[in-house]
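The sequence and the model are shown first.

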Amino acid sequence: SGLVLIALSHKVTLRHSPFLLLAIAISAIVFVAAGVIFHSAAFWLGKVDALARLWWEFMITFSIYPESIFGGRVRLLLYTVIPAAFAGILPARLAQQPSAQSLAAALGGAVALVCAALFVFERGLRRYESGNQIGMR
């Protein structure tokens, strides 16, 4: 539905289309990486379904609003604890005002979040596997 609404807005030109598609891909990658991080908390905290769902809902909620409505502390949260800025704000900026700077910011945030997700998942999986080892006396 998002692509249909974007097409109906008549604000996307052929020149902006590659940036729009890239912004959509970056946003999707960030959402997946954030989901991996949120759910990987189970490796350390045990059953975190409700907490991971809450983080996910925060991510969705905060990523649909423009950055200008948030104050300094909330903006800090949007770029760290709840990385909604990398899922919504930066990709939207790339689609609306394509530039080398907006591309670098969106890609940089996505790459950093993917690296963090890989790191957190790998560390958590290593911790999980070590708890299943059988020792001999």
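In this predicted model, Ser102 makes contact with Arg93, Leu94 and Gln97, when neighbours within four places in sequence are left aside. Ser102 belongs to helix H7. Its relative accessibility is 7%, so Ser102 counts as buried, the limit for that class being under 20%. Between the C-alpha atoms of Ser102 and Ala42 there are 34 Å, for a separation of 60 residues along the chain.

A second residue of helix H7 is Ala117. Ala117 is buried because its relative accessible area is 5%, again under 20%. Which residues does Ala117 touch, not counting those up to four places away in sequence? They are Ala33, Val36 and Ile37. Helix H2 spans residues 17-40, and Phe38 is found in that helix. Phe38 has a relative accessibility of 4% and therefore counts as buried. With residues up to four places away in sequence not counted, Phe38 touches Val48, Ala52, Trp55, Trp56, Met59, Val81 and Pro83.

Is Leu76 buried or exposed? Its relative accessibility is 55%, so Leu76 counts as exposed, the cut-off for that class being over 50%.

| Pair | Separation in sequence | C-alpha to C-alpha distance |
|---|---|---|
| Ser102 and Ala42 | 60 residues | 34 Å |
| Ala117 and Leu20 | 97 residues | 24 Å |
| Leu76 and Arg93 | 17 residues | 18 Å |
| Phe38 and Leu51 | 13 residues | 8.1 Å |

In soluble globular proteins, nonpolar side chains tend to be buried together. The largest nonpolar core of this chain has 25 residues, among which Ile26, Val30, Met59 and Leu78 touch the most other members. At least two residues of this core come from each of helix H2 (17-40), helix H4 (49-63), helix H6 (84-96) and helix H7 (100-130). For Ile26, the contacts beyond its neighbours within four places in sequence are Phe86, Pro91, Leu94, Ala106, Leu107 and Ala110. Met59, in turn, is one of the residues touched by Phe38.

The secondary structure of the chain as a whole consists of seven helices and zero strands. Read from the N terminus, the order of elements is α-α-α-α-α-α-α. Among contacts with a separation of 6 or more, 60% are made by residues 24 or more positions apart.

The overall dimensions can be compared with those of a compact globule. The radius of gyration of the chain is 18 Å, whereas a compact globule of 137 residues would have a value near 14 Å. Along the principal axes, the C-alpha atoms fill a box of roughly 70 × 30 × 30 Å.

Of the 137 residues, 28% count as buried. The chain exposes about 9,100 Å², and 68% of this area is supplied by carbon and sulfur atoms.

Note on methods. Residues numbered from 1 in each chain as written. Predicted model: local features only at pLDDT ≥ 70, side-chain atom pairs only at ≥ 80, totals over all residues. Heavy atoms only, no water. Helix = DSSP H or I, 4+ residues; strand = E, 2+ residues; numbered from the N terminus. Rg over C-alpha atoms; globule rule 2.2 N^0.38 Å. Buried < 20%, exposed > 50% of the residue type's maximum accessible area, 1.4 Å probe, protein only. Contact = heavy atoms within 4.5 Å. Areas by Shrake-Rupley, 256 points an atom, 1.4 Å probe, with all protein chains shown as cover. Core = buried A, V, L, I, M, F, W, Y, C linked by side-chain atoms within 4.5 Å.
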